[in-house]
Amino acid sequence: MQKSSGSLYQSIYDLVCQVPVGYVTTYGRVSQLCGCTARTVGFAMAALPVGSQVPWQRVVNRLGKISLRTDGEGNLLQRDILEAEGICFDADQRINLANYGWDFADLS
DNA sequence: TTGTTGACTCTGA
DNA sequence: CTCAGAGCCAACA
């Protein structure tokens, strides 16, 4: 016992699930809330099981851009999903965190 | 247990 | 903001 890394993943997934539709968050934001570094959050997304119902697509890097996975295939799909959510992209395929960035502050 | 890798972030220029 | 270097944490062999 002593360790339960799975718990950490659950915390990350839970935080991501708290992000409302039409908003996005960054890895650093979740990493601080889950008590780990941004890399760990990205790792959790990489280990995210299929059909987990977790809107990982709403999680982007600090630049507001979608991080490309080793495959770089789902990335394009995610951009379409975010657009469907009502999020507008920049000319460089970047999201304006000033308007869509979720800070986990208005949870009440 | 050690070493490498990874969907990142921070600091400095 | 962008470029370059260093750091931190977790999983895998």
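Begin by showing the surface of chain A: the accessible area is about 7000 Å², and 49% of it belongs to carbon and sulfur atoms. Such areas come from the Shrake-Rupley method with a 1.4 Å probe, and for residues only the protein chains shown count as cover. This is a predicted model, in which local features need pLDDT of at least 70 and side-chain atom pairs count only at pLDDT 80 or more, whereas totals for chains, interfaces and linings use all residues. Residues are numbered from 1 along each chain as its sequence is written, chains are lettered from A and ligands numbered from 1 in the order in which they are written, and side-chain values use heavy atoms, with hydrogens and water left out.

Next, switch to a cartoon view. Chain A contains 5 helices and 2 strands, arranged along the sequence as α-β-α-α-β-α-α. Helices (H or I, at least four residues) and strands (E, at least two) are DSSP runs, numbered from the N terminus.

Now colour chain A by burial. Of its 108 residues, 32% are buried, that is, under 20% relative accessible area with a 1.4 Å probe, protein chains only.

Select Ile-12, Tyr-13, Val-41 and Met-45, the residues with the most contacts inside the largest nonpolar core, which has 18 residues. A nonpolar core is a set of buried Ala, Val, Leu, Ile, Met, Phe, Trp, Tyr and Cys residues joined through side-chain atoms within 4.5 Å. Helices α1 (5-17), α2 (27-34) and α3 (38-46) each supply at least two residues of this core, and α1 gives the most, with 5 residues. Apart from this core lies another, of 7 residues, including Val-24, Val-60, Ile-66 and Ile-87.

Finally, display the bases of DNA strand B. A polar backbone atom of Ala-46 is 3.0 Å from a base nitrogen, and a backbone N or O atom of Met-45 lies 3.3 Å from a base nitrogen. At Tyr-27, an N or O atom in the side chain is 3.5 Å from a base nitrogen of DNA strand B.

How values were computed
Buried < 20%, exposed > 50% of the residue type's maximum accessible area, 1.4 Å probe, protein only. Polar contact = N/O pair within 3.5 Å; in protein donor to acceptor, adjacent residues only side chain to side chain.
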